[in-house]
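Dear colleague,

Please find the structure below. The notes that follow it set out what was found.

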Amino acid sequence: MKSAYFILAFCLLALASPLAYASDPSSLQDFCVAIDDHKDGVFVNGKFCKDPKLAKAEDFYYSGLNIPRNTSNPVGSTVTPVNVAQIPGLNTLGISLVRIDYGPNGGLNPPHTHPRATEILVVVEGTLYVGFVTSNTDNRLITKVLYPGDVFVFPIGLIHFQFNVGKTKAVAFAGLSSQNPGVITIANAVFGPNPSINPDILVKAFQLDKNVVKKLQSKFWWANN
Ligand SMILES: *[C@@H]1O[C@H](CO)[C@@H](O)[C@H](O)[C@H]1NC(C)=O
């Protein structure tokens, strides 16, 4: 009797297994609250499609990524995104691009994650110290100093940074495996959200004195993207 149940269970699993390989498509935005009536819908992403016959070159085009950006800001870097917001033709294609300018002597793209994309970065000018941290299995820091022509990968979701360790400005370009990668800058998200996180939570989580937490929370956290 027991073995009959086992065989039945095995057959059911075998039948179900092709379905087990299917999964939901990756999210194209931070969240999408379901509604029954699309009158009140807002399509942040996952947009309606234009009639393909009406598509034109401009739908797949962006210009100006050759222009150096101003890095005179608190972190000394500026990210110029080229994603579905700039190129509507990227919709549903799972890819995008950024240019990153770093000011001389310490321009920093501060620790951040992309919730929806792996990033592959190429340095075209300057010297960058880059790194990412693995997840809580061992929280290992993996770093490299990059020179022009060097390429580095930041796996999806992991906290990473790039720091200009040269005396001149630096420039990099990066491809990202999402039409809308998203950015979570760690300091901004932890110490600068609106409304603020209860300081007691940050005191315990970061092992800080409350006055230090309050000071950090009172700062202006610049977003470089
Ligand atoms: C860069 O930005 C700073 C701060 O906003 C501004 O003072 C400066 O004039 C800008 N530089 C250029 C070249 O636009």
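Two strands are said to pair if DSSP finds at least two bridges between them. Helices (H or I, at least four residues) and strands (E, at least two) are DSSP runs, numbered from the N terminus. The model is a predicted one, in which local features need pLDDT of at least 70, side-chain atom pairs count only at pLDDT 80 or more, and totals for chains, interfaces and linings use all residues. Residues are numbered from 1 along each chain as its sequence is written, and side-chain values use heavy atoms, with hydrogens and water left out.

The sheet

Strands of a sheet pair through backbone hydrogen bonds, either parallel or antiparallel. Here, five strands make an open sheet with antiparallel pairing, in the order β1-β2-β9-β4-β7. Because β1 (77–82) and β7 (151–154) stand at the edges with a single partner strand each, one side of each has no neighbour in the sheet. Between β2 (residues 96–102) and β9 (residues 170–176), which run antiparallel, there are seven bridges. Within this pair, Leu 97 stands opposite Gly 175 of β9.

The nonpolar core

A nonpolar core is a set of buried Ala, Val, Leu, Ile, Met, Phe, Trp, Tyr and Cys residues joined through side-chain atoms within 4.5 Å; buried means under 20% relative accessible area, exposed over 50%, and partly exposed in between (1.4 Å probe, protein chains only). The largest such core has 18 residues, and Tyr 102, Leu 121 and Leu 128 have the most contacts inside it. At least two of its residues come from each of β2, β4, β5 (128–133), β7 and β9. Strand β9 gives the largest share, four residues. Contact means heavy atoms within 4.5 Å. Leaving out residues up to four places away in sequence, Leu 121 touches, among others, Ile 100, Tyr 102, Phe 152 and Phe 173.

A buried histidine

His 114 lies in the loop between β3 (108–113) and β4 (119–125). Is this residue buried or exposed? His 114 counts as buried, because its relative accessibility is 7%. His 160 is 46 residues from His 114 in sequence, and their C-alpha atoms are 9.1 Å apart. The side chains of these two residues are joined by a polar contact of 3.4 Å. A polar contact is a pair of N or O atoms within 3.5 Å; within protein, one must be able to donate a hydrogen and the other to accept it, and residues adjacent in sequence count only if both atoms are side-chain atoms.

Yours sincerely
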